[in-house]
Structures are given as structure tokens and as C-alpha cells.
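Please look over the model below with its open space, its overall build and a few single residues in mind. The briefing starts with a term and then goes through these topics in turn.

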Amino acid sequence: FVPLMLLANVPQVLVVNPKKFPGDFKAFLAQVKANPGKLNYGSAGGGTSHHLAGELFKQQTQPFITHIPYRGAGPALQDLMAGNVDMMFDGLGSSAGHIKGGRIKALMVSGAKRNAAFPDVPCAAELGLPDYTVTTWYGLWAPKGTPADVQAKIVEEMKRAGSTDEAKLAWANNGAEFGQQTPAQFGAFVSAEIKRWAAVVKASGAKLD
């Protein structure tokens, strides 16, 4: 396959059950560190972005949190809302409706800036985690050998569709940003992501099979 374009980039968000963690991020982190091994985080499964986001968080903050893998983000979110797991690192898009509905609470959005859809949620950089940048991203590829003019036409049409007011509103409501990279930039981005997360996996000792 050959890379065509980044369709959307959605930051990960740290979400918790509001009944278990009524305070802010600072209070949350203090509680986690005071209870090593007693708290857990749910994920969509081993090796998913949710799982790796949790491992990166642990490496940068040094708490002991148990990973609970689920078969998909939906079941994990349901158990988070039910209070069966304590926290989750989720793509902002799938958590957005639950955050707005008050069923879960967002304590931190990853990256160096706040998200426009949730301006009251602090970003990782302002909470003392300048290197905690985790996104759920969606890309478009074509089979290797696809003619260059066909590739260019696909990219052109996707950009046109993504730039409509309707599409922009849908992205914005879910905290997502429409991709603006060239195919070469997207390919370089994917290669960098593979190397970056391979290092996180190695450092965590996680088994992803």
C-alpha cells in the first residue's frame, strides 16, 4: 500500500468516573500514587492506542495502575460509566458525548494545547507532561501500483469533501482535526509513529499478541 492522506487526528483524553474522582488532575494523580496497584484503567484491548496511551502515561508519571483489556472501546466505556473500572485513555471522539452528558469526566487532553471542543479541559503540557502527545488518527491508503493521477484525484476529492461546512462541524463536535498533510508527509508521520510506539512497548514490557 501507498500512503495518501491523514483523514483525521483526534487527541486522546484521560477520562474517569466522576463519582470516584471528583477533583482535578492533580488530586487524581495524588490519589493514584497513594494507592499503587489498587486502581486500574480499561482499554479497547491489548496493543490498542488506549492501552499504549496508558502505558506511556505510566512511564511519564510513575504510578502503578493495572491494565484491564476489553473487546472494544464501547464495553470499556460502559464499565467506566458503571464504575467497574477507574479510568480510561480514550479517543476524544468516542468519549465526547459521554463527557458532555456528564457520565464520565475528562481530566486531561493529550498534547500541547487545549481542544477547541472542550476548552475547559487542561492539556498535558500545562499539567507538567510536555511529552505526552497521543492521538487516534485515521488514514487513507491505496494499493501499491495505483496510477499517480488516480492517487492525486482521490486526495483532491477527499480534501474537497472534508472542507465542507457539514464535515468541519462533524470533526469539530468530536474534537477532531481534518488532516492537511501531503502523501509524503503522511508516510513520514506513519513511520515515526511506528518507531515511537515500538519504544513505548519495549519500555513497558507489554505483550501485544
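Contact here means heavy atoms within 4.5 Å. With that cut-off, and leaving aside neighbours within four places in sequence, His 50 is in contact with Gln 12, Tyr 41, Ser 43, Ala 44, Ala 73, Met 88, Phe 89, Asp 90 and Gly 91. This is a predicted model, in which local features need pLDDT of at least 70 and side-chain atom pairs count only at pLDDT 80 or more, while totals for chains, interfaces and linings use all residues. Residues are numbered from 1 along each chain as its sequence is written, and side-chain values use heavy atoms, with hydrogens and water left out.

**Overall build**

- The protein has seven helices and seven strands, where helices (H or I, at least four residues) and strands (E, at least two) are DSSP runs numbered from the N terminus.
- Along the sequence these elements follow the pattern β-α-β-α-β-α-β-α-β-β-α-α-β-α.
- The radius of gyration is 18 Å, close to the 17 Å that the globule rule gives for 209 residues, so the protein is as compact as a globular protein of that length; the radius is taken over C-alpha atoms, and the rule is 2.2 Å times the number of residues to the power 0.38.
- Taken along the principal axes, the C-alpha atoms fill a box of roughly 60 × 40 × 30 Å.
- Among contacts between residues at least 6 apart in sequence, 72% join residues at least 24 apart.
- The protein exposes about 10,700 Å², of which carbon and sulfur atoms supply 58%, by the Shrake-Rupley method with a 1.4 Å probe and, for residues, with only the protein chains shown counting as cover.

**Single residues**

- Of the 209 residues, 44% count as buried, a class that means under 20% relative accessible area, with exposed over 50% and partly exposed in between (1.4 Å probe, protein chains only).
- His 50 has its place in helix H2 and, at 10% relative accessibility, counts as buried.
- Val 85 lies in the loop between helix H3 (73-82) and strand E4 (87-91) and is buried, with a relative accessible area of 2%.
- The C-alpha atoms of Val 85 and Lys 20, 65 residues apart along the chain, are separated by 9.9 Å.
- Lys 26, in helix H1 (residues 25-34), counts as exposed at 69% relative accessibility.

**Pockets**

- A pocket is an open set of points on a 1 Å grid over the protein atoms alone, where a 1.4 Å probe fits, with protein on both sides within 12 Å along at least five of seven lines; lining residues have an atom within 4 Å of a point.
- The largest pocket has a volume of about 350 Å³, a volume being the space filled by probe spheres set on grid points joined across faces, edges and corners.
- Of the 18 residues that line the largest pocket, the closest to its centre are Asn 9, Pro 11, Lys 113, Asn 115 and Glu 177.
- Strand E1 (residues 2-16) gives the most to the lining of the largest pocket, with three residues.
- The second largest pocket holds about 170 Å³ of space, and helix H7 gives the most to its lining, with four residues.
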